[in-house]
Amino acid sequence: MRIEIDQASGFCNGVVSAIRKAESELDESGRLYCLGDIVHNSDEVDRLCRRGLVTITHDDLGSLHGVKVLLRAHGEPPSTYAVARERDIEIIDATCPVVLHLQKRIKESYDTLNPGEQIVIYGKRGHAEVNGLVGQTRGEAIVAEDIDGLSQVDFDRDITLYSQTTKSIDGFKDMIAEIERRKNPSTSFRYHDTICRQVANRVPRLRSFAAAHQVVLFVSGKKSSNGKFLYAECSAVNPRTYLISNPEEIRAEWLDGVESLGICGATSTPRWLMDKVKEQVTALTTKQS
């Protein structure tokens, strides 16, 4: 069997930077708090926890004092920084530069809103990045996950549209078209394409990769929104695409008679985990032969 790991899959730059910052601090002190899972992959979180990383919630943050807390690549709202100052907590800020730039743009828009203007964010409600973006507007931005979510928007008022950095470009275009269709002709509508191209550009590559193999194993944590999206893109071109979170989930019958197998993953999938999947496939096919 030919087994290929997609070289473009795995951590995006923002996640790589966050993990490096965490590892650097753990090398020095052996202990570091992280607000939320550093990455939506339980295997990678477990690896870092064994090194001394402690995952905490926002409720936990208010009970800590005088410690170091890492903010992951997703970013945080201003309220998190305020709590940290009150509790004398040293922030190690690993917010992705792309997300940080978007936060600043949304805040600038909010600070200069026309009377009655609405900020709409195309994104997943409750997602950590989206929470940070909404926080720039004091909680006033409207979050629309899809076209149905636009029912919250008043189309007789001015609208400014932004996007979560990891959303689909095609989905964003659909949102623009729907707002254009429904808005009052006299209202102003501005939109800003704030989708990360490092993530978005993976889609055509992954579709080609999936089509080039008989079977594809897509490796992703169950919490990863990006993983669900990219897995759907792969399975759309190759129905024999299987979503797994670790090597133990591979079923031997998936490999029967397969001559070409591809392994790929989300922006939150570590390369070492894809290597482990390859090792497991090799072991299973060796047993079969």
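1. A word on terms before the strands: two strands pair if DSSP finds at least two bridges between them. Helices (H or I, at least four residues) and strands (E, at least two) are DSSP runs, numbered from the N terminus. This is a predicted model, in which local features need pLDDT of at least 70 and side-chain atom pairs count only at pLDDT 80 or more, while totals for chains, interfaces and linings use all residues. Residues are numbered from 1 along each chain as its sequence is written, and side-chain values use heavy atoms, with hydrogens and water left out.

2. Let me start with strand 4. Two bridges join strand 2 (residues 32-35) to strand 4, and the two run parallel; here cysteine 34 stands opposite leucine 70. Strand 4 is also joined to strand 5 (residues 90-93), by four bridges and again in parallel. In that pairing, leucine 71 stands opposite aspartate 93. As background, side chains in a regular strand alternate between the two faces of the sheet.

3. What does lysine 68 form with glutamate 25? The two make a salt bridge, with the closest N and O atoms 3.3 Å apart; the criterion is a side-chain nitrogen of Lys or Arg within 4 Å of a carboxyl oxygen of Asp or Glu. Lysine 68 lies in strand 4 (residues 68-71) and glutamate 25 in helix 1, so the pair ties together parts that are 43 residues apart in sequence. The whole structure has 17 salt bridges.

4. Next, an open sheet of four strands, with order 1-12-10-11 and parallel pairing. Strand 1 (2-5) and strand 11 (241-244) are at the edges with a single partner strand each, so one side of each is left without a neighbour in the sheet. From one strand to the next, the twist averages 20°; axes are lines fitted to C-alpha atoms, for helices over the stretch in contact, and angles run from 0 to 180 degrees between N-to-C directions. Strand 1 and strand 12 (residues 260-265) run parallel and are joined by four bridges, with isoleucine 263 as the bridge partner of isoleucine 5.

5. Helix 9 (residues 202-211) touches strand 1, strand 10 (215-219) and strand 12, and its direction makes about 155° with that of strand 12. Helix 10 (residues 225-237) touches strand 10, strand 11 and strand 12, at about 160° to the direction of strand 11.

6. Another open sheet of four strands has the order 7-6-8-9, with parallel pairing. Its edge strands, strand 7 (142-144) and strand 9 (189-191), each pair on one side only, and the twist averages 25° from one strand to the next. Five bridges join strand 6 (residues 118-122) to strand 8 (residues 159-163), where tyrosine 162 is the bridge partner of isoleucine 121. Helix 5 packs on this sheet, touching strand 6 and strand 8, with its direction at about 170° to that of strand 8.

7. On a 1 Å grid over the protein atoms alone, a pocket is an open set of points where a 1.4 Å probe fits, with protein on both sides within 12 Å along at least five of seven lines; lining residues have an atom within 4 Å of a point. The largest pocket has a volume of about 360 Å³, a volume being the space filled by probe spheres set on the points, which are joined across faces, edges and corners. Of its 24 lining residues, Cys12, Val15, His74, Thr166 and Thr267 are the closest to the centre. Helix 1 (13-29), helix 5 (97-111), helix 8 (197-200) and helix 10 each give two or more residues to the lining, and helix 1 gives the most, with three.

Key:
Contact means heavy atoms within 4.5 Å.
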